[in-house]
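Walk through this model one contact at a time. Keep the sequence at hand along the way.

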Amino acid sequence: MHSMASLQTADTLINAHGVDYLIIGLYFAFVIGIGILAKRAVSDSLDFFLSGRSLPAWVTGLAFISANLGAVEIMGMSANGAQFGISTVHYFWVGAIPAMLFLGVVMMPFYYGSKVRSVPEFMFRRFGTGAHLVNALSFAVAQLLIAGVNLYLLGSIVHALLGWPLWVALLIAAVIVLSYITLGGLSAAIYNEVLQFFVIVASLLPLTLIGLHRVGGYQGLKDKITEFAASAPASAGVPSADQQLQAWPGQALSGFDSPVLSVVGIVFGLGFVLSFGYWTTNFVEVQRAMASNSISAARKTPIIGAFPKMFVPFIVIFPGMIAAVLVSEIAQLKGGGSPPGGASGRGVQYNDSLLFLMRDLLPNGLLGLAIAGLLAAFMAGMAANISAFNTVFSYDLWQRYIRKDRPDHYYLRIGRLATVAATVIAIFTAIIASGFSNIMDYLQTLFGFFNAPLFATFILGMFWKRMTATAGWAGLVLGTLSAMAVFATNEWGPLDLPGQGAAFLSASTAFVVDIAVSIVVTMFTEPKPVAELRGLVYSETPKEDLIDPHEAAKPWYQRTMPLAGVALVLVIILNFLF
């Protein structure tokens, strides 16, 4: 693992001027100002952890997407765009939208209607202590690791762009995120995420438009990628032009030689197990919907989020594809070279694609806006991880297992202390993240370990009333261990899957093992009485508990099902177009 100090010797990638610093400074002032304003609305723990369940659907919908539009999404997806081309859209159109619509239509009524404060608390109601403790602990660990990823990328980008030593960049970034979440809790995080969404779009859209203009439009980009793929040496392993310019069958992304296996891997591994596992059980996302002011708003939160989400590829993947033909360092890397420098100081990587494109295309002023956009993305991601962690730690671990029946203000104080502790720990988990050359692989591996088995337990428990508490925790534990076993055999043999294929396979294995173990264990153990399953199992919950009776009178664009239908049609059209 390389030392973080080694990053401090790299030259700055971009020459920022006074106007750029002014824009960045104004952005930071806004962020902390929102935290101070939000603090006035925090009077109890429900305000701090779930915004008092008071926010409208459009606010939570934009926050839902912004919380996901973190460092990994922007840097990782632009890196994938540079390396693999258009097949990266599967992370959005197959690996996000269907699961987001399912969350809104099917699962959100259970989360919101049961008035639980977190996803692990829902697990407690359905399966009892064993599954709850496994879920709460694994979720808390995952959030600390992922917050470290966001913080590491944030620190290394600030270092590369502005020349600050990495440890200074890490500390300043951590202090700013810490200040607004400690002050205003989830409301501060959510309102900042709405601001960050607009800042991110405003900073990345010019990059795409100027880049496309420079290469001669989309047709010009296709011509340049075709030319590059034809002239690249075979040893560089550059995917063919067809693979880079057509989303299906996506072999460049999946790493499978067979088109059939590639489609199965993408649809089942990414589109079903990893995607549904992430979007439907990940409390970081679900927490935003739980902060809504009604069951109707909670259901619409992920559906409203689906509309901007399906167009995000145009501002994150396209710049990566443009960088691969326009930026000399990225083109050299893709052609098998090892250009020195980059944000890490260890040589140029695909993760640097956006930074180099900003350097080559943006004038000062727009450059400051772009840097502010990247900082916004990294802080949104980290704040989402930490605000979800402090809720699960305070309610699901501290209150349930360590200190029960204390006054509300006690848990509010614990939440603020957990926020401080999580931020400090994230500085150290940032060091772990710095040891991985491909951040996207690291994250997909974590999702395979934690989210895939959790989704299997959830979906089986929600639709099969016979499933027992013992089956809940046994499936989770053995599913997670099986994902780790697949990861180990790919790392140290005999498996050898390139691309993201190993993550897809370990997630699929975890899902199948969890389901199989749960079914077998259920046959030998005692189920919960049916009377206790209302609001937890689909067949035992009356329909009126799952919908807002006032929604039927609203126009179609304010109703859950028509909105979900429009989103689904749009994403199918996008899949056919590309």
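Helices here are DSSP runs of H or I with at least four residues, and strands are runs of E with at least two; both are numbered from the N terminus. The model is predicted, so local features need pLDDT of at least 70 and side-chain atom pairs count only at pLDDT 80 or more, while totals for chains, interfaces and linings use all residues. Residues are numbered from 1 along each chain as its sequence is written, and side-chain values use heavy atoms, with hydrogens and water left out.

Start at helix H13, residues 259–281. Ser275 lies in this helix. Is Ser275 buried or exposed? Buried means under 20% relative accessible area, exposed means over 50%, and partly exposed is in between (1.4 Å probe, protein chains only). Ser275 has 2% relative accessibility, so Ser275 counts as buried. Its C-alpha is 5.8 Å from that of Ala96, although 179 residues separate Ser275 and Ala96 in sequence.

Next, take a helix pair. Axes are lines fitted to C-alpha atoms, for helices over the stretch in contact; angles run from 0 to 180 degrees between N-to-C directions. The axes of H6 (residues 97–113) and H15 (residues 295–311) come within 8 Å and cross at roughly 165°. Angles under 35 degrees count as roughly parallel, over 145 as roughly antiparallel, 65 to 115 as roughly perpendicular, and the rest as oblique. H6 and H15 are therefore roughly antiparallel to each other. The crossing of H6 past H15 is right-handed. A crossing is right-handed if the near helix is turned clockwise from the far one by less than a right angle, and left-handed if anticlockwise.

Now turn to charge pairs. How many salt bridges does a search of the whole structure find? The search finds four. A salt bridge is a side-chain nitrogen of Lys or Arg within 4 Å of a carboxyl oxygen of Asp or Glu.

One of them joins the side chains of Glu121 and Arg125, at 3.8 Å from N to O. Both residues lie in helix H7 (residues 119–127), four residues apart, about one turn of the helix. Glu121 counts as buried at 7% relative accessibility. Arg125 counts as partly exposed at 32%.

In another, Glu540 meets Lys465 at 3.3 Å, N to O. This pair links distant parts of the chain, 75 residues apart. Glu540 sits in the loop between H23 (501–523) and H24, and Lys465 in the loop between H21 (439–463) and H22 (469–492). Glu540 is partly exposed at 22% relative accessibility. Lys465 is partly exposed too, at 38%.

The side chains of Arg359 and Asp360 also meet in a salt bridge, at 2.7 Å from N to O. Arg359 has a relative accessible area of 31% and is partly exposed. Asp360 is partly exposed at 33%. Salt bridges link Glu329, Arg359 and Asp360 in a network.

Helix H18 spans residues 353–361, and Ser353 lies in this helix. Ser353 counts as buried, at 0% relative accessibility. Ser353 and Ile322 are 31 residues apart in sequence and 8.9 Å apart in space, C-alpha to C-alpha.

Finish at the surface. Phe311, Trp556, Tyr557, Val566, Val569, Leu570, Ile573 and Leu577 form a nonpolar patch there, with about 770 Å² of accessible area together. Patches are made of residues with over 30% relative accessible area and no salt bridge; like charges are joined within 9 Å, and nonpolar side chains (Val, Leu, Ile, Met, Phe, Trp, Tyr) within 5 Å. Accessible areas come from the Shrake-Rupley method with a 1.4 Å probe; for residues, only the protein chains shown count as cover. Helix H24 (residues 560–577) gives the most to the patch, with five residues. Val569 lies in H24 and counts as partly exposed at 48% relative accessibility.
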